Amino acid sequence: MTSSPAPLLRLPPEILEHLFLLLPSPCILSPLAQTCHHLRSAIYSPPDTHLWRTLFLRTLDDPRTCLTPLGLPLAPHAAQIDWQTRLTAALRASSIARSPKLCQPHERTRTLETLVMLARNLPPRPRQSKNVAFLNEALDGPGLLEWEEGWEPGEQERQMRARLRVIVGLERGFGANQLIAARARVYDMDRYSRRNAYGPFFVQPDHKPRRVDWEQIRAVHHAVAVYVGGREGGPHPLSSAFAQLRGAEETEVDKEKEGEVEDWAGVGGRWRMLFSFMDHRALMHFNHTRPLDTALLVSPHFFEASRAIGF
C-alpha cells in the first residue's frame, strides 16, 4: 500500500507559487526546498520568472531603474536579468555578512563583490533605495567587514571591505584609535607622488588606468567625516543613505538663452565641499621621522582645521 502525497504537494503550481509569495521572507524558501524534490523543483525550477522577479522586487531595487555611479542605466531590459541568480546571491551574501562563520573560502570574494554591486548601483533619488536598507541591515554591527578569524584577507578583499565601509559610513565603535590611524595614513606624505598622481591611487604603469586605493579613501573619509554632524536619529551625512544620485525630478533648471533646459546630468542644486587639514609645520614635523610617530596626533598642541564651503 502506497501513501498518498501530502495535500500541499497536490496543489497546482500556480497555487504553490502564490503560497510562496505569502511567506514573510524569501530566505524561508531555501530550507523549504530541502524538504522534498517536489518543492525544490517548484521553487528553483518554476515555469517562468514571475516568482523570482516578484521576490526580487520586494527585496531589492529594480535593476531597470538603477544607475551606475556615472549615471548610466544598469540594466534597461528585463530579459537581461536573471532574477533568481541575483536574488539568491544577495541573500547568501547577507547571511554571510551577518554570520561570517558560514562563509566558505571560495565565497569570500564573491560575497564582497555582490555587496559592492548592491551598494554602487542605486535608483536615483528621491526614490528610497531598497538596496540601501538591505545593506544597512546586513552590515549592522560586527560581521564580515571586521571578521578575520580563520583567514587573512588579501589585497582584493581589503579593498572591497574598505569600499563598502566608505559607502555604508562610519562603523560602530569608531573611536580615538581608529581616528589616529586614519589621520596617520592621510598625512603620510610618502603615499603621494607623481607616480600615483598625488592622490588615493595605486602606482600603475603609465599605459594603465588609475586604480583607486579604497583603504586610503576610507582613511580620508574617516578624517573628514568626524567633522560632519548627522541628523538626530538619522543616518550620517557621509553614509549609504546619501550615496544616491539625484533624479531629474529633484534637480533645478538651468536658465539659458534658448530657454529652460532640464539638468539632465542631475548635478544641479547646492553642493558642499568639505575638507580638513593640519598645520603645515606640524605636517612636516610628522613626516620628518620614520616610522611615523603618531604621538603628535594626540598631543594637546595638535590642531586640525575643517571647512565646509557651499556653492
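**Figure 1. Surroundings of Q159 in the predicted model.** Apart from neighbours within four places in sequence, Q159 is in contact with F202, V212, D213, W214 and E215. The model shown here and in the other views is predicted. Q159 belongs to helix α8. Its relative accessible area is 8%, so Q159 is buried.

**Figure 2. The whole chain, for orientation.** The chain contains eleven helices and four strands. Of its 311 residues, 38% are buried. Among contacts with a separation of 6 or more, 64% are between residues 24 or more positions apart.

**Figure 3. Helix α6 and the helices around it.** Helix α6 spans residues 108-120, which is 13 residues. From first C-alpha to last, α6 reaches 19 Å, close to the 18 Å expected at 1.5 Å a residue. Its buried residues are R108, T111, L112, T114, L115, V116, L118 and A119.

**Figure 4. Packing of α6 on α8.** Two packed helices are described by the angle between their axes and the distance between the axes. For α6 and α8, the axes come within 10 Å and cross at roughly 30°. The two helices are therefore roughly parallel, since angles under 35 degrees are counted that way. The crossing of α6 and α8 is left-handed. On the α6 side, the contact is made by R108, T109, L112, E113, L115, V116, A119 and R120. On the α8 side, Q156, E157, M160, R161, R163, L164 and I167 take part. By class, the residues of this contact between α6 and α8 are seven nonpolar, two polar and six charged.

**Figure 5. R108 in helix α6.** R108 lies in helix α6. With a relative accessible area of 16%, R108 is buried, because the cut-off for buried is under 20%. Leaving out neighbours within four places in sequence, the residues in contact with R108 are C103, W151, E152, P153 and E157. R108 and L144 are 36 residues apart along the chain, and their C-alpha atoms are separated by 9.3 Å.

**Figure 6. Packing of α6 on α7.** The axes of α6 and α7 come within 8 Å and cross at roughly 140°. The two helices are therefore oblique to each other, because roughly antiparallel requires an angle over 145 degrees. α6 passes α7 in a left-handed crossing. L115, L118 and A119 of α6 make the contact with N131, F134 and L135 of α7. This contact of α6 with α7 has five nonpolar residues, one polar residue and no charged residues.

**Figure 7. Packing of α4 on α5.** Helix α4 (residues 50-59) packs on α5 at an angle of about 45°, with the axes 8 Å apart. This angle makes α4 oblique to α5. The crossing of α4 and α5 is left-handed. W52, R53, L55, F56, L57 and T59 in α4 meet W83, Q84, R86, L87 and T88 in α5. The residues of the contact between α4 and α5 divide into six nonpolar, three polar and two charged.

**Figure 8. P13 in helix α1.** P13 is located in helix α1, residues 13-22. Its relative accessible area is 56%, so P13 is exposed. P13 and P46 are 33 residues apart in sequence, and C-alpha to C-alpha they are 8.2 Å apart in space.

Figure 9. Most residues other than glycine have a negative phi, and most peptide bonds are trans. A197 is not a glycine, yet has a positive phi of about 60°. A197 is found in the loop between α9 (176-186) and α10 (214-225). With a relative accessible area of 38%, A197 is partly exposed. Y198, also not a glycine, has a positive phi of about 55°. Y198 is placed in the loop between α9 and α10. At 58% relative accessibility, Y198 is exposed. The peptide bond from R290 to P291 is cis, with omega near 0°. P291 lies in the loop between α11 (280-286) and β4 (304-310).

How values were computed: Residues numbered from 1 in each chain as written. Predicted model: local features only at pLDDT ≥ 70, side-chain atom pairs only at ≥ 80, totals over all residues. Heavy atoms only, no water. Expected span 1.5 Å × (residues − 1). Buried < 20%, exposed > 50% of the residue type's maximum accessible area, 1.4 Å probe, protein only. Axes fitted to C-alpha atoms, helices over the stretch in contact; angles between N-to-C directions. Parallel < 35°, antiparallel > 145°, perpendicular 65-115°, else oblique. Left-handed = near helix turned anticlockwise from the far one by under 90°. Contact = heavy atoms within 4.5 Å. Nonpolar A, V, L, I, M, F, W, Y, C, P; charged D, E, K, R; others polar.
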